[in-house]
Amino acid sequence: MKILLIRNDNIGDLVCTTPAIEALRKKYQDAKIDIVVNSLNSFVVENNPFLDKIYIYTKTKHKKRLNDKIAALIEKTKILYKIKKEKYDICVIFRSSYSKNAGLFAKVSNAKEIIGIDEKNQASFVTIKVPQKQINEIKLCYEILKPLDVKECDEKTFFLPNHKNSLYSNFIFFHISSRIEQNQLSKDKICQILSYIKTKTINIIITAEDSDFAKQISQITKVKYLQTKNLQELASYIYEAKFLITLDGGIAHLAPAMGVDTLILFGKTDINRWKPISCSAKCVVLQDETKIAENINLEEIYSNIENFL
């Protein structure tokens, strides 16, 4: 049997899919199980032992220059041709909402059965429609596999970085970036949290996508800022961390999947949908009733930091 999986959205979403992938492999040990991912989230499954082949395409919207967009389109066309030649028996779309690219890969697979969430935009090509449910993303992935008689059996989220850097082994990492405004913390609040941690240990590192903001924090608090090129490089350092404090984002899912204890400060994120579960690490999520990260009580943050020390 040949099974094609499609998960072409965000890093955290793909991490949430890994327990279901493991369960699928347990059920169909001799099957060929391949997956379509994009160039930004592909590193999540590069070392996943439950997959056979990984198709990696680049979204044209992620390229600025016309030549790069054309090159990405040509490469995607080659991947579509390879998928068409494989003649998959089953295609599984691990997405709760319609994606033009996911639909394209699914249709090209010519699979006898295409499984996906019952969503009006993809109704024409999904042959087995799974009811949409407001549950944790990890649980939803299992629901999508129910038509294949795949059952949850204590699988864990899984991520293994290509490299492990022990330079800051046993340090506390604080990732201070988040793309969404309601998920962000002010400079003052970040500095207060860092000042509190400094009363416990000097082994602290801050990381961020916004380097200018991080440098300002570092200058004020005298806490080292570790600049990394991407989340993949960041994960290589966090792998041996004492624990991680982070705002919502991909690293909030990657760290627990590596077995790193994690304290997550949520803002507007749906905690029931996106709280990391089924991970091998201790993971605590804090969220204020206003769903604004800045409003999370400092004493509650300090208390949880104490529990991680």
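Q: In what sense do strand S10 and S11 pair, and over how many bridges?
A: Keeping in mind that this is a predicted model, strand S10 (residues 243-247) and S11 pair in the parallel sense, and the pairing runs over 4 bridges. Within that pairing, Thr246 stands opposite Ile264 in S11. Between the two strands the chain passes through helix H8 (residues 251-257), and this β-α-β crossover from S10 to S11 is right-handed.

Q: Which residue in S12 does Ile264 stand opposite?
A: Ile264 stands opposite Val285 in S12. S11 and strand S12 (residues 283-287) also pair in the parallel sense, here over 5 bridges.

Q: And is S11 largely enclosed or open, and why?
A: Strand S11 (residues 262-266) is largely enclosed by the rest of the structure, because 5 of its 5 residues are buried, buried meaning a relative accessible area under 20%.

Q: Which residues lie on each side of S11?
A: Thr262, Ile264 and Phe266 are on one side, with Leu263 and Leu265 on the other, and since all of them are buried, both faces of S11 are covered. As background, side chains in a regular strand alternate between the two faces of the sheet.

Q: Switching topic, what are the domains, and how far apart are their centres?
A: The domain assignment gives domain 1 (2-148) and domain 2 (171-307), and their centres, taken over C-alpha atoms, are separated by 30 Å. The contact between them takes 15 residues from domain 1 and 12 residues from domain 2.

Q: How much area do they bury between them?
A: Domain 1 and domain 2 bury about 1,200 Å² between them, with 63% of it on carbon and sulfur atoms. Val15, Phe43 and Asn136 supply 37% of the area that domain 1 buries against domain 2, which is more than any other three residues.

Q: How many salt bridges are there between the domains?
A: The count between domain 1 and domain 2 is 1 salt bridge. Glu137 forms a salt bridge with Arg273, where the closest N and O atoms are 2.5 Å apart.

Q: What is Thr157 in contact with?
A: Leaving aside neighbours within four places in sequence, Thr157 is in contact with a set of residues including Val15, Thr18, Pro19 and Ile138, as well as Pro256, Ala257 and Ile277.

Conventions. Residues numbered from 1 in each chain as written. Predicted model: local features only at pLDDT ≥ 70, side-chain atom pairs only at ≥ 80, totals over all residues. Heavy atoms only, no water. Buried < 20%, exposed > 50% of the residue type's maximum accessible area, 1.4 Å probe, protein only. Pairing = 2+ DSSP bridges. Right-handed = clockwise from strand over helix to strand, strands pointing away. Domains from an automatic or database assignment. Contact = heavy atoms within 4.5 Å. Buried area = accessible area lost by both parts, 1.4 Å probe. Salt bridge = Lys/Arg side-chain N within 4 Å of Asp/Glu carboxyl O.
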